[in-house]
Amino acid sequence: MNRMIKNIILLAGGVVLALSAMSCDEFPPVKYDDPEPYKVYTDADFPGVTFTSVADLKAMYEGEPVEIRRDVYIKAQVNSSDQSGNLYRTMYVQDATGGIEVKMGTRNLYNEYKFGQWVYINCNGLSVGDYNGMVGLGYKSADPKYETAYIDSQYIIDTHIFRGEPGKLEPILIDEAGITAKDNYGRYVTVSGLTYGNQIFAILYKDPNAEHEGDNRWFLSYDPSYDGPVNTYGNFGIDTWAISETGFQKLLDDPDFDFNGAIPCEDIQSKSEFVAPYSYSVSQYFRKGSTDLQVRSSGYARFADTRIDQEILDGATVNLTGILTYYNSGSGANYQMILNDLNGVEIVGSDGAGE
Amino acid sequence: MAILLAAVFALPAFAQTDTKKTYKGRLEVYENLVKDNKGGVEGTVVNRSGRVPVADAMLTLYRGETVVLKGYSDTDGYFLFENLPNGIYRMTVSAAGFEPSVVNVTVEGFMKDLMFVSLVASQTVTSELDESNFAEFDMIDSGYDDSPSILYGNDVYTNIAGYDFSSVRFKNRGYNSETQDVYLSGIRMNDALTGYTPWSLWSGLNEAMRSKETTIGVEPSDYGFGGYNGVTNILATPSSVRPGWRFSLLTNSALYRLRLMATYASGQLDNGWSYAFNVSARLGGNDWVQGVYYRSFAYYAGVEKKFGDEHRLSLMVFATPGQRGAQNASTQEVYDLVGSNTYNSNWGYQNGKMRNARVRNTHEPVMVLKYTANPLENLEASATILYRTGKNGYTALDWYDAQDPRPDYYRYLPSYFYIENDDYDRVDQTKFGWATEAWQYNINNTQHINWDRLYNINYNNFVNGTDRTRSKYIQEERRTDQNDLNFNASVKWRASSLFTLTGGVDYKWNRTEYYKRVNDLLGGDYYLNIDQFAERDFASDAAKIQNDLDYYLANGAAQELVKGDKYSYDYYANVRRANIWANGNFSAGAFKGYVAAEAGYTKFWRDGLLRKGLFAGLNDDGTEIVSPVTNEVLTSYDSNGDVITSKGRSKVADFFTWSVKGGASWFFTGGHRVYANVGYFNDAPTFSQAFVSPRTRNTLIPNLTTTKTFSADVNYTYSNNGYDIRVTGFYTKINDQTDVMSFYDDSQNSFTNFAMSGIDQRHMGVELGFKVPLPLDGLSLQGVLSWGEYVYTSNPRMTQTVDNSAEVVFDNAIVPYWMSHPVYAKDIDGVYLTDDEGNYIVDKNQKHYVPSTPQLAASLGFNYRLPTYWFFELNANYFDKAYLDMNPLYRTDLAVQGMDGNASPVEIEYMAAQEKFDPVFLLNASVGKSWYIDRKYNFGFSLEIKNILNNRNVKTGGYEQTRLIDSASGERYYRFDPKYFYMSGINYMLNLYFRF
């Protein structure tokens, strides 16, 4: 009998060892080693590739969206950052020939695409399309309202956009003619010698949850054709870069605030017609000579409710650095600037004396 | 306490003074006994696995083939048959839930003491049932609860149902886990904050915790008043652990690979000492759910000393330190893409090693000191102190201003790009194709957490020209560290053969600290203690976004956090609870009855340790707090004008409670018994159900009141000649429950809380358990049926808040489609019919059911047991009428009406409906054998194969996501897909043990 016991113990011991080996493999270690840093792509990873310039890529647009069906590689530097929240789901890249929007579709892009970082994009399978006068790179759109769509899918991004080395990027200094030059759209630029225009453009909605059309809208804009007192409203009392939801609530709560006297008017009788707050993008106008540059900022930007410096409001000269964009509203051309953040605003002097 | 002391000292005066044991069982005598003969037999019927007395065991004494006498053991398992003529007798012993047994007795003119007559529970596999039979379902961010209840008992129904039904997380009678009272050494162990039964405190200590005494339904126990869902008391004392050495090895394929266990118990030594220990390790993963693993250990040590015949002191310490990887639920879309219903989204590869982001990490030692006294033969008293402390952590990913790291986040799925119905406005079939391919072929590890990416983003997030990196992703640990002190004293006084009084007092003191700490910076240098969503809303005021405003005011910047630092929230939950109860038992012949009552006082409050910028409250001097950044007042007020505050003590919520119950039981000749119980209960809500957003503020939910429950049952049992039957009918009405669901809402980057009050439920149904011997010796047919209707009977009120906003989204609003929704009449073409006034015609009201358990569960099987210690079992299970957990949002007017504010029949029937799971059929088998070697060593095994048909479509739970999709038409909302948990396919469990 003792032998049987011995056998049982041996057998059980064997099973224990076998199972232990298995389960040790399965219960994970307490410590994990840090993963390797990302692969940094260089030109060497694209042997035999002749890079297409951004300008040539934009030129592939044929008046209607074009899906690129061959290997077209561009090598460009990221010139935007969505860290401040002023850009959402999109980024801009540029090379020596020009800049272009890349409609990425994913959020918090600045975490993986740093300002100045080189990226390699294989445009095969992507599309170039127009959005109110600007050609951008995205994905073929399934929605007829847009010429291109966001790329969105991580799999498409991973197979088309490759992170390269970090780099430095200086803004291109442009003059008044540079603001309207098509080649500069999408580029990271500094426009110097601007003064505050005391004019804005924004569309507010009485009921933000209803359709954003018709009488639900109220335009805060300067309308030269309008034969009324509207010109006197200036910036309608909006002296922040944009309006966040909480910022708008404050305007509603402030009994003294009346949009510079614009209310009551034909479109809106009283602030009580706003049923809920909402965040609004605002274009603040700046002037360079006879050209308007609209600094368009998102209501979701962290600096949305930051008040424009009093000196600027009082007429100080500023240099603005950001991405130059263009928007054809149908009634005319709008030259716009997107600030990556408020570091792009530099006061250089008072009363236009600084230039 | 005074009452108890009075009872302890005063009762002996009234107590009987003879020391001879009195037998209070019933006797049915068939033959004239010899009056003057001193011959007889006595003993105590006990459960073999734990020496727990078995009451109402039927003992039949034969001489030859003639029945001499029939009797039943009393409540202490004791029996005494006097005045027997000398001779050789055969005594059969049977009890509900146990294998029948036979003892031969020779009566020789004196009282023969058999000491213990032990019975084996009829379900041997149940011995391995414990909390670890349930995988850790990761539902913490979903807002729903996952607290499985385990049905224990020595009853034909509970024996079978407790085991066979656990695979689908069956909840007996549909009751929540917190209604089940679980005692350990006489102390009620249900969690002070949630009420849940904390099985995990002792899982893995099966041997030390094996001895249990249980009651079912409304029945009270000797240990406490109990509720309406039974009382289980785990003895846990060293003397209750089966003496000797025992080693066991268990391997299974559905939960963990390996369990090793060793146990030793001395039994009671001659010098009055007994001691015992039990250790175990549970290790490894399983064949079905990847990423789930155990690295759990367990220890128990106990020592006990008997002083004279009257006093007994025992001390026990146990804990189950270790880690468990959790399993997450996903949508059916994800399961279909991956090709497995047991896919787990919680893990990913890090340098080739599997890493689970969600790990339960605990070490909560429990210490028990117990004193029992038998100052008189008919009086027992005990006092117990139990202290629970330690840590209970649960890790999760936390991220700041970065993409959602969960692989199955809805924006990463094909359905985000394309859904057939145009009204979802997801129209891009090409991207749908890309995403589908990435998922199906797991390209770039699409199916799993991408740890490489999280680390790399952290590596590269340099702070303004420095070489320091601020982590964007970290692994946090949410801690619930309890300090729980309990005192209990109880007495049992057998006043006469007709009347026994039990009673006691207990007191609970609990202070639990809830906080988050940084567990792993994932390659970065630090993390910042701010509220990221608040930052988006209040970017212009740095004071408002602070998680720790006091730190900010003192240092001028938010705290930079490193590994181990507390952050985000930190507060104490304080609970005090006292109860006094008494139970009078009457017994006269074939009648037994009881009346019991309990009164209690519960109070709790929150004590915030951090001042959050959003809910700054007042300065110590009562003045408002002003932001140094904007000079605006930070102090905010609720709609009643009360200050909303995060720091300091909240109002104290307190509740007086009382409950009563009673029951009666008749025994009839031949093993029949009829009994009934009825009770009315007042229970205080728990801390976890009482605050609108406990992480951030002191606000109690409105309408906080006690839960009122009425419950009654009627039962019939038959136990004789190997037949074992129970039939029960029950009815329970639960009113005024509260519940707080707190779930992670990615659109807010924060937790959203739904606090509901006024939830009413009704549970009624029948239970049947039977075991019938078949002509072949040792073979029996056994089965159980649980068939009920558990429904909601009220439309509760709801208050919705978001952790990082002062806004109250729903303010004590009614949830109109909670208990039911109308179903409208249609014609043959499916067109809704209207009456003359153009109103839609309601066809019927569809009830909504209490979820997460089958309301119809049945099992039928064969049990074959040979004298050679072989056993075989085969059973088939059927489950139906299980429903998905509902979220209140989908039952509001807002969700049903859609964006246009107009509720159409289509919208009502779509949005308010509750999902019913498909019925389930399962087949299980087990086999076992034990060998005795030299009458000293015992070696045995049991092997079970569960789900033999390999059914992989069995939903065991899940929940609705609490989000809505806007329709393209602007007329309605759509739901997010629900998430499910599925049962494992075919799996085995092999248990080997060796005992001496």
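Trainee: How many bridges join strand β11 of chain B to β12(B), and do they run parallel or antiparallel?

Mentor: Two bridges join β11(B), residues 181-184, to β12(B), and the strands run antiparallel. This is a predicted model, where local features need pLDDT of at least 70 and side-chain atom pairs count only at pLDDT 80 or more, while totals for chains, interfaces and linings use all residues. Residues are numbered from 1 along each chain as its sequence is written, and chains are lettered from A and ligands numbered from 1 in the order in which they are written.

Trainee: What counts as a strand, and as a pair?

Mentor: Strands (E, at least two residues) and helices (H or I, at least four) are DSSP runs, numbered from the N terminus. Two strands pair if DSSP finds at least two bridges between them.

Trainee: Which residue in β12(B) is the bridge partner of L184(B)?

Mentor: I187(B).

Trainee: What order do the strands take in that sheet?

Mentor: The order is β12-β11-β14-β13 in chain B, an open sheet of four strands with mixed pairing. Its edge strands are β12 (187-188) and β13 (212-215) of chain B, each pairing on one side only.

Trainee: And the five-stranded open sheet of chain B, what is its order?

Mentor: β1-β5-β4-β7-β8, with antiparallel pairing. At the edges are β1 (27-29) and β8 (101-107) of chain B; each has a single partner strand, so one side of each lacks a neighbour in the sheet. The twist averages 20° from one strand to the next, with axes as lines fitted to C-alpha atoms (for helices, over the stretch in contact) and angles from 0 to 180 degrees between N-to-C directions.

Trainee: How many bridges join β1(B) to β5(B)?

Mentor: Three, and β1(B) and β5(B), residues 66-72, run antiparallel. One pairing there is E28(B) with K70(B).

Trainee: New topic. How many residues of helix α5 of chain B are buried?

Mentor: Seven of the nine in α5(B), residues 451-459. Buried means 20 or more other C-beta atoms within 10 Å of the residue's own; exposed means 12 or fewer, partly exposed is in between, and C-beta atoms are placed from the backbone. W451(B), R453(B) and L454(B) are among the buried ones.

Trainee: What do they pack against?

Mentor: The buried residues of α5(B) pack against β23 (347-350), β24 (353-356) and β29 (473-494) of chain B.

Trainee: Where is A326(B)?

Mentor: A326(B) is in the loop between β20 (322-325) and β21 (327-328) of chain B. It has 26 C-beta neighbours inside 10 Å, so A326(B) counts as buried. Its C-alpha atom is 9.3 Å from that of W347(B), 21 residues apart along the chain.

Trainee: Where is confidence lowest in chain A?

Mentor: In helix α1(A), residues 2-26, at a mean pLDDT of 72. The highest is strand β2(A), residues 73-78, at 98. pLDDT is the predictor's confidence in each residue, from 0 to 100. Chain A averages 90, and 93% of the residues score at least 70.

Trainee: What does its C-alpha trace span?

Mentor: About 110 × 55 × 45 Å along the principal axes of chain A.

Note on methods: Two residues are in contact if their C-beta atoms, placed from the backbone, lie within 7 Å.
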